[in-house]
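Please read it alongside the coordinates.

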Amino acid sequence: MPAETTTAIASLGKVDRETMAGRVYRDLRDLIMAGQVCPGERLSIRAVAGALGTSMMPVRDAIARLAAEQALEVLPNRTVRVPILTRRRFQELRTIRLMLEGHATTMAAERVTSPALEGIRALHAAFTAEHAHAEPDAGRLIAINKDFHFRIYEAAEMPALMQIIEGLWLQIGPVLNFDLRSKSRRLSDRVALRYHQGMLEGLEARDGAAARAALAGDITTAGDFILACDALLDE
């Protein structure tokens, strides 16, 4: 039975009253996009409100917004949980990701600035350093992975496309990093790390095709691992 809250939820920072509603929504949204909550996991409104130091009202409002974006489910008994994707839905989202995130990566190779490239390099270095530990911190790897991808997509300078990609990650985030969370062979073999290196090299060479191919490898191999596990529902 999934726990009602997580270490990630408990670590949310306190918020000022005037920024409460937007901050609660953004913090929960970021946790879901980064895969810091698991499919089927129940979220306690009281626990989230306590972690943030807010009343339950802004938490309820945030959950309603996220449910409308298909990032959370409110069940008939008012239980809030992270949705469990079906295999068909996951495969559909993966196909769309390959198209949209692939295009963003291609454009990023054309438009990335030197400061943006330095930021991407720093994230790759942090990802590499965490992999070097005997017991890598899965939560840290998941967070860095999300930041690395989105720093690249930001470099494409296409805000409308970025918004669509964020919507995809809201739906797929909880299963996206299943291999990192479960300490699979894909993690020990540093598969994602190699593809990240290829993406970075493609950006540095201003080679959109190479960067996009590395991204496709990352998305496809991670997806194949997830499809082989019991993380999805059969229809």
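**Notes on helix packing, the sheet and aromatic pairs**

1. In this predicted model, helix α2 (residues 20-33) and helix α4 (residues 56-68) have axes that come within 9 Å and cross at roughly 50°. Axes here are lines fitted to C-alpha atoms, for helices over the stretch in contact, with angles from 0 to 180 degrees between N-to-C directions. The angle makes α2 oblique to α4, since under 35 degrees counts as roughly parallel, over 145 as roughly antiparallel, 65 to 115 as roughly perpendicular and the rest as oblique. Helices (H or I, at least four residues) and strands (E, at least two) are DSSP runs, numbered from the N terminus.

2. Because the model is predicted, local features need pLDDT of at least 70 and side-chain atom pairs count only at pLDDT 80 or more, while totals for chains, interfaces and linings use all residues.

3. On the α2 side the contact (heavy atoms within 4.5 Å) involves M20, A21, V24, Y25, L28, R29 and I32, which meet P58, V59, A62, R65 and L66 in α4. By class, this contact of α2 with α4 has ten nonpolar, no polar and two charged residues. Nonpolar covers Ala, Val, Leu, Ile, Met, Phe, Trp, Tyr, Cys and Pro; charged covers Asp, Glu, Lys and Arg; the others, Gly among them, are polar.

4. Helix α5 (residues 87-111) and helix α12 (residues 208-228) have axes within 8 Å, crossing at roughly 160°, which makes α5 roughly antiparallel to α12. Their crossing is right-handed, and their contact holds ten nonpolar, eight polar and six charged residues.

5. Helix α6 (residues 114-131) packs on helix α11 (residues 191-204) at about 160°, the axes being 11 Å apart. The two are therefore roughly antiparallel, and the crossing of α6 and α11 is left-handed. Residues L117, I120, R121, H124, F127, T128 and H131 of α6 meet A192, L193, H196, Q197, L200, L203 and E204 of α11.

6. Three strands form an open sheet in the order β1-β3-β2, with antiparallel pairing; strands pair if DSSP finds at least two bridges between them. β1 (42-43) and β2 (73-74) are at the edges with a single partner strand each, so one side of each has no neighbour in the sheet. Two bridges join β1 to β3 (residues 80-81), and L43 stands opposite V80 in β3.

7. There are two aromatic pairs, counted when ring centres of Phe, Tyr and Trp (its six-membered ring) lie within 6.5 Å; planes under 30 degrees apart are stacked, over 60 edge-to-face and the rest tilted. F150 and Y153 form an edge-to-face pair, 5.6 Å centre to centre with 70° between the planes. Both lie in helix α7 (residues 138-155), three residues apart, about one turn of the helix.

Terms used:
Residues are numbered from 1 along each chain as its sequence is written. Side-chain values use heavy atoms; hydrogens and water are left out. A crossing is left-handed if the near helix is turned anticlockwise from the far one by less than a right angle, and right-handed if clockwise.
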